[in-house]
Number of protein chains: 2
Amino acid sequence: MNKWRFDDKFVQAVYRALNEAGVDYMEIGYLSSESAFSREEVGPWRFCGEADLQRIVEGVDKKIKLSAMADIGRIEPDDILPQSESALDMVRVACYVHQVDKAVELAHHCQDKGYETTINLMAVSTVGPRDLNEALDDLAKSRVPIIYLVDSFGAFYSEDIEVLAKQYMERLPGKTIGIHAHNNQQLAFANTISSIICGINYLDATLYGIGRGAGNCPLELLISFLKNPKFKVRPLIKVIEEEILPWREKIDWGYFVPYMVTGVMNQHPRTAMAHMESERKDKVLEFYDQVTSTMA
Amino acid sequence: MNKWRFDDKFVQAVYRALNEAGVDYMEIGYLSSESAFSREEVGPWRFCGEADLQRIVEGVDKKIKLSAMADIGRIEPDDILPQSESALDMVRVACYVHQVDKAVELAHHCQDKGYETTINLMAVSTVGPRDLNEALDDLAKSRVPIIYLVDSFGAFYSEDIEVLAKQYMERLPGKTIGIHAHNNQQLAFANTISSIICGINYLDATLYGIGRGAGNCPLELLISFLKNPKFKVRPLIKVIEEEILPWREKIDWGYFVPYMVTGVMNQHPRTAMAHMESERKDKVLEFYDQVTSTMA
């Protein structure tokens, strides 16, 4: 929502807080080739170049691992450093069902360079059962050890999570499953808890739920729930006060009617985001009528 | 949060919207004797006098039922009109476990006057198992047909709801159970869904989650989830736009760190509300340290 234009002070503060809180991984940005975007248009966290990363990690007793999301088509495989030369520990590849082969290829490439890898299968709430099973079967044959269930539109109820978690585990024997939830219906945290109960072990969350549109599962809620002594809540509250609350003055995320409407209707939030950025932001009935009329 | 000072235009708009949406009951305010408060200090919805009610219901094809909450000690039983002379259909009595006898007495009095009744047992997240069972046994012996499970502090996870719903149903044979959730941990809607799955049938919700502190289960989410054709979402979105969103400029409800902290710590939100009303509202670490140090 800010074109990856977080300044170093912000990223360092978040990195130090998560490290101190005992969080296992921090996703620091996207991995893209410098040729894919202009540094004049987007901030450093669209690239996660090694020099960018080093500015953040230097001087910190690093316990946390760093991950970055790789965009199919936006990163030249040859531009990815060997893991031994990088501060990154993990590369996550997000893809739609029709891109699974490309995602596996890119993830294998990263694995061969020494990275931990995941594949995050997006927008599965809109995928038919046969297509989903085919994609899962392809992922099962891959060497990628972690596969994410992604509720891109914030459309899932806990019952959906239970059904899909079972399906993922059955179709992906030996793999670890992750969850990435969006908060359009105020269910991101609840669905993450349901995921834990179902045996899902990689849990995505963000400070104060910050994220595109309705945002994500709030990390401070998740860590408070887990009650694992390895995690500390206080550094999270501190960095929320110092670094996240100021962003609330600049960008809107969280529960708003347009995001709720696209969540309920199982649609991409782009129309809701456009509405929220317009001057008619509070004209929520107009938005509701637009979305529901196209579904009639 | 506004001392029950909603003007008639607001109450009429909400009443008409809920009526049109097919909602079963609207809780319009508290039932108190005129001697208990001054009308100069609090608004009409602290009393729900018959003249107040008539200003709202007149001219409307009333399908929805009206309820009011009776405050033990603030309402003289003789001040309650016979139901045949009132626009109210239901009286709900909220009480703590040590007040169950008084609550049953008041509820029976209302039943004898022709009202539907419920008893809402508050703050059960802080009640020991023996005390809770005793209270439930007393309620089981009463003629009150509907008993509410109330998560006053927004402290419950869905697993707590499942355990308590089972306990309430076993201890209260033949009664209907209700749920009243608070949203401190963004779980009010999720816990209401869990309640439905457990067989709880009276579901409290508020427009856009408006309510004390973190607020409650958002009605528009609940109605969208239920997918029962008797309910309509559009009137809810319309009245949210016209009447509820303007309140966001005046009062804060919803997910804020202080409410999250009292929810996680299973405490009354009064300290969080005081913090939110102070000039140090955004000093959330200070609040976290206060609350957690008193628990150490």
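This is a predicted model: local features need pLDDT of at least 70, side-chain atom pairs count only at pLDDT 80 or more; totals for chains, interfaces and linings use all residues.

Reader: How many residues of chain A are in contact with chain B?

Author: Contact means heavy atoms within 4.5 Å, and here 36 residues of chain A are in contact with 36 residues of chain B. By class, the chain A side that touches chain B has 22 nonpolar, 4 polar and 10 charged residues, where Ala, Val, Leu, Ile, Met, Phe, Trp, Tyr, Cys and Pro count as nonpolar, Asp, Glu, Lys and Arg as charged, and the others, Gly among them, as polar.

Reader: How many salt bridges does the rule find across the interface of chain A and chain B?

Author: A salt bridge is a side-chain nitrogen of Lys or Arg within 4 Å of a carboxyl oxygen of Asp or Glu, and the rule finds 2 across this interface. Arg234(B) forms a salt bridge with Asp289(A), with the closest N and O atoms 2.6 Å apart.

Reader: At what angle do helix α6 and helix α7 of chain B pack?

Author: Two packed helices are described by the angle between their axes and the distance between the axes. With helices taken as DSSP runs (H or I, at least four residues) and axes as lines fitted to C-alpha atoms over the stretch in contact, the angles running from 0 to 180 degrees between N-to-C directions, α6(B) (residues 188-197) and α7(B) (residues 219-226) pack at about 35 degrees, their axes 10 Å apart. The contact includes Phe189(B) of α6(B) and Leu222(B) of α7(B).

Note on methods: Residues are numbered from 1 along each chain as its sequence is written. Chains are lettered from A and ligands numbered from 1 in the order in which they are written. Side-chain values use heavy atoms; hydrogens and water are left out. Helices (H or I, at least four residues) and strands (E, at least two) are DSSP runs, numbered from the N terminus.
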